[in-house]
Amino acid sequence: MYEETERCIRAVQSKDDRFDGWFFTAVLTTGIYCRPSCPVVPPKVENMRFYPSAAAAQAAGFRACKRCRPDASPGSPLWNERADVVARAMRLIGDGVVDREGVQGLAARLGYSVRQVERQVQAELGAGPLALARAQRAETARLLIETTAMPMSDIAHAAGFSSIRTFNETVRAVFALTPSELRSRVRGGKRTKSPGVLSLRLPFRRPLCPDNLFGHLIATAVPGVEEWRDGAYRRTLRLPHGHGVVSLRPEPDHVACRLSLTDLRDLAAAISRCRWLLDLDADPVAVDEQLAADPTLAPLVAAAPGRRVPRTTDAAEFAVRAVLGQQVSTAAARTHAARLALAHGTPIEDREGGLTHLFPSPEALANLDPETLAMPKSRRATLLGLVSALVSGDVDLTAGGDWLHARAQLAALPGFGPWTVESIAMRALGDPDAFVATDLGVKIAAETLGLPTSPAALIAHAKRWQPWRAYAVQHLWATGDHPINRIPAEESA
């Protein structure tokens with residue numbers, strides 16, 4: 001979008017927050033860059049320059065605005081909508097792959113050479129993978145400086161900087177302040193007292209309907225791994241350097257996020273996975289406009305604009321749970337998953353709630369005794385086949401995986417039909433156009449709304465909802481009286 005100059009100018013002059021994260025505005029006379037909704041008086045048109053990423057603006061010599069904090073904007077929805085190599089690279093960079101494995105590791109995961117990845121990312125983002133990772137490290141450092149009392153040397157390490165000198169230079173270049181000056185700007189009351197615990201605000205593009213988003217996560221929560229407590233959805237996180245516990249509470253203009261991490265190097269990855277879980281980088285205006293063009297869906301969209309797709313923080317975990325949920329009720333699926341977590345998950349300590357385990361990894365399930373599973377033999381075989389494929393790498397559900405290829409890999413496994421494949425594509429892979437035409441709830445909604453009920457006819461009708469059929473599913477599910485559609489009125493402990 002940053003190349004559509006007139007459109008960018010209109011967005012900046014109207015301070016339209018719908019475009020935050022889509023592009024960044026640099027001002028030649030001040031040397032700063034802002035988000036489109038920056039509250040200050042818009043600069044003269046001749047002094048505006050537009051960039052596709054914060055990293056590109058920083059590479060061009062601009063520093064972040066202290067007023068609007070453009071580095072804390074919602075992410076571009078493009079990286080979650082597309083399946084090409086640049087979008088896959090951006091999802092991996094957001095998950096911290098460049099910090100952990102370097103650009104070579106990023107390229108290896110994508111199946112391209114380093115030069116090919118750098119060229120394609122640079123062409124579209126205006127900055128290479130290293131610059132994008134540096135911008136992310138700067139944002140992580142700012143969060144830690146402002147929300148903790150950690151020594152600066154520990155923050156530099158946790159944010160991924162190779163030295164305290166690089167940390168100081170980067171913070172000064174991006175924010176035009178030293179780390180100490182940045183900390184001194186924060187007035188009392190914002191810093192958490194518990195070591196390793198951080199309180200953050202996760203921004204999103206309005207509107208956002210939290211009912212089905214949080215309702216779905218709460219209704220399907222696996223005891224010990226997830227819970228609804230004190231008005232917040234809480235769950236355990238398996239992260240690259242350790243584990244964490246996150247508490248997410250919907251607020252009118254943000255999602256309140258409380259993170260407890262065993263290793264603060266996982267902060268950027270944890271934030272990225274929480275945003276992915278709640279689909280916070282979506283473009284709800286574009287989605288609702290497309291779906292509302294269908295007279296059948298129009299009243300549903302008007303009644304609850306901004307529905308998001310509830311996803312997962314761990315694609316392998318969701319795939320296992322999808323198999324456990326084949327042809328059984330939500331309650332039965334939770335019971336099966338809870339038994340697995342208790343028997344094979346990693347125990348953790350949760351001082352603030354009732355979480356007890358990380359959901360077992362595929363490796364932990366590799367030696368699972370099928371006789372211990374209270375389910376039909378055919379489904380036991382399906383589960384063991386999936387676990388084996390995840391361990392061997394025959395199925396790739398990682399953030400940088402190819403959606404179409406992953407679908408083909410899943411469909412080749414025994415016991416995997418369209419419902420399971422599309423459910424995983426929708427909630428684990430994040431494909432916004434995934435569509436579960438054979439889902440019982442979708443079929444009931446289709447019948448209620450006078451839509452075709454046979455899978456083939458419904459798929460044909462749903463072509464008008466492309467590329468947002470996963471969001472159409474949320475509206476269809478919401479027509480039923482099911483706990484996934486509402487946040488509990490009474491909190492349970």
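Gln409 is buried, with a relative accessible area of 14%. That puts Gln409 on the buried side because the cut-off is under 20%. Keep in mind that this is a predicted model.

The residue sits in helix α18, which covers residues 403–411. What does Gln409 touch, leaving aside neighbours within four places in sequence? Its contacts there are Asp394, Val395 and Asp396. As for Ala434, it lies 25 residues from Gln409 in sequence, and the C-alpha to C-alpha distance is 16 Å.

Next, a helix pair. Helix α7, residues 129–147, packs against helix α9, residues 164–175, at an angle of about 95 degrees, and their axes are 10 Å apart. The two are therefore roughly perpendicular to each other. On the α7 side the contact is made by Arg134, Ala138, Ala141, Arg142 and Ile145. From α9 come Phe167, Thr170, Val171, Ala173, Val174 and Phe175. By class, that contact has 8 nonpolar, 1 polar and 2 charged residues.

Last, the second largest pocket. Its volume is about 1,000 Å³. Lining it are 41 residues, and the closest to the centre are His216, Thr330, Trp419, Asp439 and Trp477. Several elements give two or more residues to the lining, among them α11 (210–219), β7 (232–239) and α22 (469–477). Which element gives the largest share of this lining? That is α20, with 5 residues. Split by class, the lining of this pocket comes to 17 nonpolar, 15 polar and 9 charged residues.

Methods:
Residues numbered from 1 in each chain as written. Predicted model: local features only at pLDDT ≥ 70, side-chain atom pairs only at ≥ 80, totals over all residues. Heavy atoms only, no water. 1 Å grid on protein atoms, 1.4 Å probe; cavity = no way out; pocket = protein on both sides within 12 Å on 5 of 7 lines; lining within 4 Å. Points joined across faces, edges and corners; volume = space filled by probe spheres on them. Helix = DSSP H or I, 4+ residues; strand = E, 2+ residues; numbered from the N terminus. Nonpolar A, V, L, I, M, F, W, Y, C, P; charged D, E, K, R; others polar. Axes fitted to C-alpha atoms, helices over the stretch in contact; angles between N-to-C directions. Parallel < 35°, antiparallel > 145°, perpendicular 65-115°, else oblique. Contact = heavy atoms within 4.5 Å. Buried < 20%, exposed > 50% of the residue type's maximum accessible area, 1.4 Å probe, protein only.
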